[in-house]
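This report describes helix packing, domain layout and sheet arrangement in one structure. The sequence and the model come first, and the description follows.

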Amino acid sequence: MTREKKLYLSAKGVTKIFGLGRQKTLAVDNVDIDLYEGEVVSIVGESGSGKTTLSKILLGLISQTEGEIFFQGVKRDINSHAKKREYWKNIQAIFQDPFSSYNIFNKIDTVLLDCINMRGGRYFPREKKIEMMTEACSFVNLKFEELTNKYPFELSGGQMQRLMIARIFLLQPKILLADEPTSMIDACSRATILDELMHLRKEIGMTIIFITHDIGLAYYVSDKVYIMEKGRFVESGSADEVILTPRHDYTKRLLSDVPKIHEEWDLSTV
Amino acid sequence: MKHTLQQIFRSPNFVVGFSIFAVIILTVLIYPMLIPDPPLKIIAQGTFFEPGIYVNTYDTFSAPAYTLKLEGADSKRIASKLNDEDRLAMQKWLVGFGIPENEIDIQNTEALLDLWNTNFDPSKRFQGMTNADRNYYIRLNNSVQGLLSTAPAIIAATDETTGGLVETDRVQQSDYINVSQVSNVRILPLGTDNFGRDVLTELVAATRVSLMIGFVAGFVATLIGLVLGLVSGYVGGWVDDGIMFITNIFTVIPSFVLLILISFSIGQDKRGAFTIATVIGFTSWVWTARAVRSQVISLRNRDHVNLSKLSGHSIFYIIVNDILPYIASYVVMAFILQISSGILAEAGLSILGLGPRTTEVPTLGLMMNWAMIYQAHILGKWWAYFPVIITIALIAFSMNLMNTGMDQVFNPALRD
Ligand SMILES: Nc1ncnc2c1ncn2[C@@H]1O[C@H](COP(=O)(O)OP(=O)(O)O)[C@@H](O)[C@H]1O
Ligand SMILES: [Mg+2]
């Protein structure tokens, strides 16, 4: 831990207000976050606490009402399509709901081909592209031959989400934002997907922001934990610190809400 | 996609609507091949000939004659010349003349005519008999002369040298001709209009033109509405504000009023069917634009759009590939509605006399306009306007049926 780590992504005073007038929602409230190279950081909070909104701001998919985002030490500039494209080579995401992450009119091959194109492989020969897609699929234990030419609705939720990991495998971004990637998946596939995600992290050395409502899960996967309540970070620190010695009431409540899982993870990991 | 098409064709509403529409389209396409007359050609001297089969009288003389002995043929002939009303009138005259009413059997034609022929005197006047009555009796008397005669009618031609008449043929009362052997027979299923044009031929041509007007108007309206809705919904910001400003202006001015003003200012000479169609399209895109915009706004923050952005696609690519397919079914439905409302708008304009100029092609609206100007509805000439109304109603009905059918497939909330 002595080695100086590079600061990848940081947010200063980020605030997001949706709507106008009386309909105003303060979704993210003056949030600071620092993300260093190679870390896995969890953001934990109940649903509606603003996690997805914050992640979309970090991704540059929506703009913040106030505050600044710094990428690799300099203020992020994504004001043109080319700059956005460049930024998204570095930062990628897996969304909460795999069923709505796919364009239902496109064959799933398109999703993977888009990644190859984005990494400069547009003019690769067909065989090379197929080889790359096959490799990515087999990384998440899917068979490309069985998936090719299929439409998203022909896949299960678990398969869809694994394909999203295969997508990240092809893109090799520096940072991955995983927004509750297992919350919409059946219990059986959950562990597999988490394993594959962690495997991928080792494989390509990614930095991960892991968003979850499950504090036990956060403890299991992350180095650092941010606890989010109503748009604010109420507590943060290393995973051990926050989860073993919670100071804030909200954190304690989150911990007591999932006692079984907490104990389960506790037993298996301590 | 294939799946959706199957589903659409399983919806009874759509199938019924589609069948009606297909019949209309097929008629419009096939009829001109069978009867290639120009639709606006004046064929009749006189106005509003009744629907029916018109057989050339002259040609019937040269057609081969067949003798048929048919039961009741004579009484039919007599009835057509001497109907019950005439019989009652005769009775009235005879009673006035002084013959007791119980001695007159008006159903016995022979006895009645005997009585009439012996007693009728055109110079006689009774109390209360008007001049018109007198003339009527004289006419009646003339028409019943020779009614019971069984002698043949003689056809004669003028001899060129002597100038006298020479008998050429005799037509017996039991003579028949086969209509298919008459060289000139014209069926006018819907009669003729005020100008003496064949209404059916005109109606088919008008339906074709009106459908084309509907398609062009629908296409223009849908295209403008779609492009503006997509851009304003997806791009947002000041672009959205600008487009919505224009849209709001068009919303507060009733489109039909705008349509009337524009058609009026174009002027009669420059108003072709195509111009009218374009103008209709230009005034009716507002609702499509609004609906598309609100759909796009709900789509643009979906995760599949976000994923497409993260994959580095351009705005244009995303609009075409990730937004358009999701609203395509809706746009098709809007297009169908625009077609039928375009046809109705043309009809409305033409009834006001602001439709396409009248010299080139008929449209459904123009036919209504003519029927109205020449008072077909007052004169009871139903064939000049009723078929037009039915056609307009059928087109609108079939399009709306198709639309509800598609709505049931595309809108899960309506599925039963
Ligand atoms: N596009 C939006 N427009 C208006 N309000 C929104 C929008 N997205 C999220 N919100 C509101 O912001 C708050 C935070 O939502 P979200 O970030 O999705 O929370 P989480 O991901 O933690 O469940 C919620 O109250 C939600 O209703
Ligand atoms: Mg969320």
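## Helix packing in chain B

In this predicted model, helix H8 (residues 199–235) of chain B packs against helix H15 (residues 364–373) of chain B at an angle of about 135 degrees, and their axes are 7 Å apart. Angles over 145 degrees count as roughly antiparallel and 65 to 115 as roughly perpendicular, so H8(B) is oblique to H15(B).

On the H8(B) side, the contact is formed by Val199(B), Glu202(B), Leu203(B), Ala206(B), Thr207(B) and Ser210(B). H15(B) contributes Leu364(B), Met367(B) and Trp370(B). By class, the residues of this contact between H8(B) and H15(B) are six nonpolar, two polar and one charged.

## Domains of chain B

The domain assignment divides chain B into domain 1 (2–43 + 194–414) and domain 2 (83–143). Taken over C-alpha atoms, the centres of domain 1 and domain 2 of chain B are separated by 63 Å.

## The sheet of chain A

Chain A has an open sheet of four strands in the order E2-E1-E4-E5, with antiparallel pairing. Strand E2 (25–36) and strand E5 (74–75) of chain A are the edge strands, each pairing on one side only. Strands of a sheet pair through backbone hydrogen bonds.

Strand E4 (residues 66–71) of chain A pairs with E5(A) in the antiparallel sense over two bridges. Val74(A) in E5(A) is the bridge partner of Phe71(A).

## A helix across the sheet

Helix H1 (residues 51–59) of chain A lies across strand E1 (7–18), E2 and E4 of chain A. H1(A) runs at about 125 degrees to E1(A).

Note on methods
Residues are numbered from 1 along each chain as its sequence is written. Chains are lettered from A and ligands numbered from 1 in the order in which they are written. This is a predicted model: local features need pLDDT of at least 70, side-chain atom pairs count only at pLDDT 80 or more; totals for chains, interfaces and linings use all residues. Side-chain values use heavy atoms; hydrogens and water are left out. Axes are lines fitted to C-alpha atoms, for helices over the stretch in contact, and angles run from 0 to 180 degrees between N-to-C directions. Angles under 35 degrees count as roughly parallel, over 145 as roughly antiparallel, 65 to 115 as roughly perpendicular and the rest as oblique. Contact means heavy atoms within 4.5 Å. Ala, Val, Leu, Ile, Met, Phe, Trp, Tyr, Cys and Pro count as nonpolar, Asp, Glu, Lys and Arg as charged, and the others, Gly among them, as polar. Domain bounds come from an automatic or database domain assignment. Two strands pair if DSSP finds at least two bridges between them.
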